[in-house]
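Reader: I have a structure open on my screen and I would like to learn how to read it. Could you take me through some of its features?

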Amino acid sequence: MSATYTGPKVCLWTLDHPDPASLETYVANGGYEALKKILAEKTPAEQIIEQVKLSALRGRGGAGFPTGLKWSFMPRNFEGDKYVVCNSDEGEPGTFKDRDIIEFNPHQLIEGMVIAGYTLGAKVGYNYIHGEIFELYESWEKALEEARAAGYLGTNILGSGWDFDLHAHQGYGAYICGEETALLESIEGKKGQPRFKPPFPASYGLYGKPTTINNTETLASIPWIMRHGGQAFLDLGKPNNGGTKLFSISGHVNKPGNYEIPLGTPFADLLEMAGGVRNGHKLKAVIPGGSSAPVLPAEIMMELTMDFDAIAKAGSMLGSGAVIVMDETTCMVKALERLSYFYYEESCGQCTPCREGTGWMYRVVHRIEHGQGRPEDLDLLLSVGKNIAGRTICALGDAAVGPVQSFIKHFRQEFEYHIEHKKCLVGS
Amino acid sequence: MTLTAQSLALIDREIAKYPADQKQSAVMAALRIAQVEKGWLATETIEFVADYLGMPAIAAYEAATFYNMYELEPTGRHKITVCTNLPCQLQGADTVADHLKEKLGIGFGETTPDGRFTLREGECFGSCGSGPLCLHNNHKMHTHLTPETIDTLLDELK
């Protein structure tokens with residue numbers, strides 16, 4: 001028996017068509033119909049937000065915050081500019097789903113952003129695209145041109161008299177810009193250092209104006225919800241976890257890639273869809289939601305369903321849906337060393353506990369991996385972690401600590417073996 | 001010091017995306033465009049971009065130093081950036097990186113004596129499913145790398 005999902009897909013359904021990214025494919029399959037209907041009927045913004053709330057769409061970028069609720073924070077009667085911003089700064093190790101939406105279904109993201117602009121009272125939106133996928137920055141700009149030429153974007157959209165325009169903004173190598181206020185700073189042409197909150201972007205966002213920032217997959221889900229209704233989206237997943245979700249599977253599987261399946265699908269099924277663990281090896285551990293999510297041992301993962309609530313209950317998080325699979329040959333010390341280096345490299349340097357602490361954690365894990373660990377190092381790591389977590393402006397500090405704590409918690413004997421024997425338990 | 005008319009036209013296109021009083025928003029794109037033309041960002045290039053956008057030079061310099069795809073020193077004609085982050089590492093990035101180092105005779109952060117190649121270690125490109133990965137001169141991604149495909153790629157880059 002092989003696990004497959006044959007039900008409706010929200011974001012990457014275009015891959016079942018010969019020319020997935022084209023405007024023709026999108027329009028021939030109901031694309032831009034939701035926008036047409038909204039503009040023709042002048043659907044009140046409240047009704048749109050109600051449908052999004054009903055859908056139980058939760059932020060697909062990592063935090064899982066209810067999208068309808070986020071939208072309701074935008075001030076209704078504010079006179080002046082407001083902005084919609086899409087966060088495609090996808091740099092969380094293990095995550096590569098938003099890039100596929102931009103590559104294979106760019107118009108659904110455009111339609112989602114236009115509907116968001118209509119609902120939130122914005123005239124302009126920006127899509128912040130990860131610098132390392134520059135080819136997609138260029139391809140998305142082409143899709144914007146197509147949408148403008150076809151009347152779905154720009155002035156007097158579909159003859160409605162309403163104007164809204166979209167632009168692509170490039171990142172250029174800074175993980176921290178995935179944090180929404182760092183991203184706003186970056187659009188303003190500054191260093192991407194997170195802002196202290198409050199005020200939140202809904203009241204003080206881009207250029208100090210009310211701004212809503214949503215993830216790519218979140219915004220791309222909006223047209224589907226408006227076409228089929230919030231209830232239909234909710235019914236695809238499970239209560240409080242509406243919809244299908246893109247899972248990016250990487251690491252030791254036979255078929256790494258994106259899999260769009262309903263929230264609540266058993267992890268065992270997802271693993272099977274990805275061709276199982278490579279070379280017939282045994283599963284050792286899984287990071288279920290991007291590098292910042294605590295690692296879980298195989299025996300816990302194999303019992304879990306892939307949804308926000310189940311994974312949170314098991315002590316990790318669904319995050320962005322990035323599933324990093326590690327088999328029995330993986331040295332957990334080496335894996336943690338690489339992740340710790342990443343957070344050290346990417347700390348923006350603004351808050352002392354993170355700037356200093358991430359380097360400290362990396363150096364200690366590095367010396368354990370290289371046979372120079374000391375017996376007190378594990379306690380030291382946990383102590384440094386405690387002094388970072390909760391003491392920084394943004395979540396990068398906590399994100400750096402999560403792997404350290406969880407790797408030591410679940411694989412402590414491997415770290416102790418490294419320290420005592422100056423070599424690796426698994427010999428990888 | 002100036003940029004070509006073609007580069008300036010590209011920068012003007014970026015400036016037009018933002019409110020008239022927010023030209024600084026185009027600094028990331030303008031620095032990228034300048035770097036494509038010049039190969040790297042000399043201080044005078046950064047100052048030119050700042051002047052062009054009507055922003056303080058120090059603010060443009062902050063952007064150029066904060067984002068790691070900008071080069072503040074000359075590089076080889078072909079910059080190869082390899083992602084070695086965990087998902088790529090699990091899929092064989094270390095083998096690819098070792099092969100590149102051996103073949104080019106340089107380590108990360110170094111340039112071959114003939115000025116042909118610079119090798120860099122990168123952080124997550126957000127494309128892990130196709131790893132191991134590298135970027136050629138920031139903008140062209142090569143996926144599913146093996147020592148064999150690396151050899152072919154290096155031969156093509158003169």
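Author: Gladly! Let us start with buried area, which is the accessible area (1.4 Å probe) that two parts lose on being put together, summed over both. Please keep in mind that this is a predicted model, where local features need pLDDT of at least 70, side-chain atom pairs count only at pLDDT 80 or more, and totals for chains, interfaces and linings use all residues. Residues are numbered from 1 along each chain as its sequence is written, chains are lettered from A and ligands numbered from 1 in the order in which they are written, and side-chain values use heavy atoms, with hydrogens and water left out.

Reader: What is the area buried between chain B and chain A?

Author: About 4,000 Å², with carbon and sulfur atoms giving 54% of that area. In chain B, the residues that lose the most area to chain A are B:Lys17, B:Phe66 and B:Leu90, together 17% of what that side buries. Contact means heavy atoms within 4.5 Å, and the interface takes 58 residues from chain A and 43 from chain B.

Reader: How many salt bridges does the rule find across the interface of chain B and chain A?

Author: First, the general idea: side chains of opposite charge can pair when their charged atoms come close. The rule asks for a side-chain nitrogen of Lys or Arg within 4 Å of a carboxyl oxygen of Asp or Glu. Across this interface it finds 5 salt bridges. One pair between the chains is A:Glu141 with B:Arg13, whose closest N and O atoms are 3.2 Å apart. Over all chains, the count comes to 35.

Reader: Which residue forms a salt bridge with A:Glu217?

Author: That partner is A:Lys97, with the closest N and O atoms 3.0 Å apart. This pair links distant parts of the chain, 120 residues apart: A:Glu217 is in helix α9 (residues 216–228) of chain A, and A:Lys97 is in the loop between β1 (83–88) and α5 (98–104). Helices (H or I, at least four residues) and strands (E, at least two) are DSSP runs, numbered from the N terminus.

Reader: How many helices and strands are there in chain B?

Author: Chain B has 7 helices and 5 strands. Reading from the N terminus, the order is α-α-α-α-β-α-α-β-β-β-β-α. Along the principal axes, the C-alpha atoms of chain B fill a box of roughly 50 × 35 × 25 Å.

Reader: How do I read two packed helices?

Author: They are described by the angle between their axes and the distance between the axes. Axes are lines fitted to C-alpha atoms, for helices over the stretch in contact, and angles run from 0 to 180 degrees between N-to-C directions. Angles under 35 degrees count as roughly parallel, over 145 as roughly antiparallel, 65 to 115 as roughly perpendicular and the rest as oblique. In chain B, helix α2 (residues 27–38) and helix α3 (residues 43–53) pack at about 140°, with their axes 10 Å apart. α2(B) and α3(B) are therefore oblique to each other. Residues B:Val27, B:Ala30, B:Leu31, B:Ala34 and B:Lys38 of α2(B) meet B:Thr45, B:Ile46, B:Val49 and B:Leu53 of α3(B).

Reader: At what angle do the axes of α14 and α15 of chain A cross?

Author: Helix α14 (residues 332–346) and helix α15 (residues 352–369) of chain A cross at roughly 155°, their axes coming within 8 Å. That makes α14(A) roughly antiparallel to α15(A). Helix α16 (residues 377–386) and helix α17 (residues 396–421) of chain A cross at roughly 175°, with axes that come within 10 Å. That makes α16(A) roughly antiparallel to α17(A).
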